[in-house]
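This report concerns a single protein chain and the way its parts are arranged. Readers may wish to have the structure open while following the text.

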Amino acid sequence: MNTEFEAVIGLEIHFQLNTATKLFCRCRSSHDAVPNTNVCPVCMGLPGALPVLNMEAVKKGIGIVRVLNGKIHSRSRFYRKNYFYPDLPKGYQITQYEASLGTDGYVIIKIDNFEKKIRIERMNLEEEAARSIHVKTGDVLLDYNRSGIPLLEVTTYPDMRSPREARIFLEKLRNMVLYIGASGCDMEKGEMRVDANISVRKKHSAGYGVRVELKNLNSIKAVEDALTYEYTRHVENIKKGIPIEKETRLWDEFKGETRSMRRKEESHDYRFFPEPDLPELILSEEFIKDVVESLPEMPDERANRYVNMGLPVFYVETIIRDRAMADYFDKVVSELNSPQKVAKILVNELAGLVRKKGHNFQSFPLKPEDFAKLLMLQEEGKINRNQMFLIINRFLEGKGTLSELVDSFSANKVDFVLEDVVKEAISEGQDLVEKYRDGKTGVIGALIGIVMKKTKGRADPKEVRKLLLKFIEEG
Ligand SMILES: [Zn+2]
């Protein structure tokens, strides 16, 4: 970044709410259906069809307002935003405009160990337009399945000062919305869409430069790249004295540049007026309270709770980022009150196994209660760490119930004398022992392997190593 100029960036983010049905009709809200099958007179905009508000969308919207620390308005309403476009059969979009469900939110982001507050101006409910698909012949195909899917639009204040800040903000925002389960937030599927506006000014000056709006940003990386490109373009033009046009520009991911889409001499006149077919949205205090109470613990509060448990920041951040993992962690800790130990093994070992087996912490077949049981057995010395993971792996392969597997591994059933097995291994692995004595100490691993094989994994590798070293030394 140039030290003389700074960017002023604001973002507008649309989240598709993952309700079962659309915002104003009972059609299914789904991505995978055959085009134009989830449709009805309401979402196709046929004359005379009347919208009925889906309260599930309102609940999910409240969830987002809450997680973004916003003010939930008990009174809001819907407006018609009038414009003509083929994907908008009614000739208007129903949106909340200036009577929002939520306002005055914020997200705290961390930049180089400093905290910064990004303020959110509005959180509005609105409906999706249909999907236009531009095909090679030059035709445009329309899929009305998307028409009427509920959206929550988040508009920030222009509080970001660099493309990197915008990226960090978006990553945190996406995590928070994912956290409360209000949207799938998959940008490739269009479940989360971002428009950005940027202007550039001399650092520390109070005025603003000319604002450019950026579209076609299909990933968080694309947002950062497009903003970086624009920032550089603005700085160069300002230095050369070339005026910046107020316009909308499209990001071309392949060329890595933006190009002009339309000039904005004056802003569109959408002729907003209150939607006459929908009453004012009035939410009772109890309704709001019930919705808020049904939400999961907010990520920032949860992070504080973990810090108070004595978890190091790295573990707190890793666990909080994945809500299913945080839920798993909480359940294990409720059975076995050693948060630090549980966090360490969850982050460093179990998370890798969960991913490797193609699961997440919610779908993982080993329930947190059972994992807690295994950890307890380990604490009691009945199984060792190595055996614990062997048990987990065999359980995941369907080789028995957990209690059967635990029984077969339990130290109570040990039918060997470790010293004898280690001695056997040494006599069988004389060549390895020689190598070890020649200074190739790495071969100790192979010797440990022999013992583990002989004991079917029931020995404690640390103990085995100790005995091996002792006997080799003595021998
Ligand atoms: Zn419909």
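The paragraphs below treat domains, cores, helices and selected residues in turn.

**Domains**

The model discussed here is predicted. The protein is divided into domain 1 (5-285), domain 2 (297-413) and domain 3 (418-474). Taken over C-alpha atoms, the centres of domain 1 and domain 3 are separated by 63 Å.

In soluble globular proteins, nonpolar side chains tend to be buried together. In this model the largest nonpolar core has 65 residues, and the members touching the most others are Phe15, Ile64, Ala166, Phe169, Val177, Ala196 and Leu227. Helix α2 (residues 163-179) gives the most to this core, contributing 9 residues. Apart from it lies another core, which has 29 residues, including Tyr328, Val333, Val342 and Val406.

Beyond residues up to four places away in sequence, Phe15 touches Ile64, Leu151, Leu152, Val177, Ala182, Ser183, Cys185, Glu191 and Met192.

**Helix α3**

Just after α3, Gly241 adopts a positive phi of about 80°.

**Helices α14 and α15**

Two packed helices are described by the angle between their axes and the distance between the axes. The axes of helix α14 (residues 444-454) and helix α15 (residues 461-474) come within 10 Å and cross at roughly 120°. The crossing of α14 past α15 is right-handed. On the α14 side, the contact is made by Ile444, Leu447, Ile448, Val451 and Met452, and on the α15 side by Pro461, Val464, Arg465 and Leu468.

Ala7 is found in strand β1, Leu142 in strand β9 (residues 140-143), and Glu98 in the loop between β5 (92-95) and β6 (102-111). Each is paired below with a residue elsewhere along the chain.

| Residue pair | Separation in sequence | C-alpha to C-alpha distance |
|---|---|---|
| Ala7 and Tyr208 | 201 residues | 9.5 Å |
| Glu98 and Phe272 | 174 residues | 9.7 Å |
| Leu142 and Arg131 | 11 residues | 5.7 Å |

Is Ala7 buried or exposed? Ala7 has 25 other C-beta atoms within 10 Å, and therefore counts as buried, the cut-off for that class being 20 or more. Leaving aside neighbours within four places in sequence, Ala7 is in contact with Arg161, Ser162, Pro163, Ile198, Val200, Leu227 and Tyr231.

Leu142 is partly exposed, with 17 other C-beta atoms within 10 Å. With neighbours within four places in sequence set aside, Leu142 is in contact with Pro86, Asp87, Ala130 and Ser132.

Glu98 has 12 other C-beta atoms within 10 Å and is therefore exposed, since that class takes in residues with 12 or fewer.

Conventions. Residues are numbered from 1 along each chain as its sequence is written. This is a predicted model: local features need pLDDT of at least 70, side-chain atom pairs count only at pLDDT 80 or more; totals for chains, interfaces and linings use all residues. A nonpolar core is a set of buried Ala, Val, Leu, Ile, Met, Phe, Trp, Tyr and Cys residues joined through C-beta atoms within 7 Å. Helices (H or I, at least four residues) and strands (E, at least two) are DSSP runs, numbered from the N terminus. Two residues are in contact if their C-beta atoms, placed from the backbone, lie within 7 Å. Domain bounds come from an automatic or database domain assignment. Axes are lines fitted to C-alpha atoms, for helices over the stretch in contact, and angles run from 0 to 180 degrees between N-to-C directions. A crossing is left-handed if the near helix is turned anticlockwise from the far one by less than a right angle, and right-handed if clockwise.
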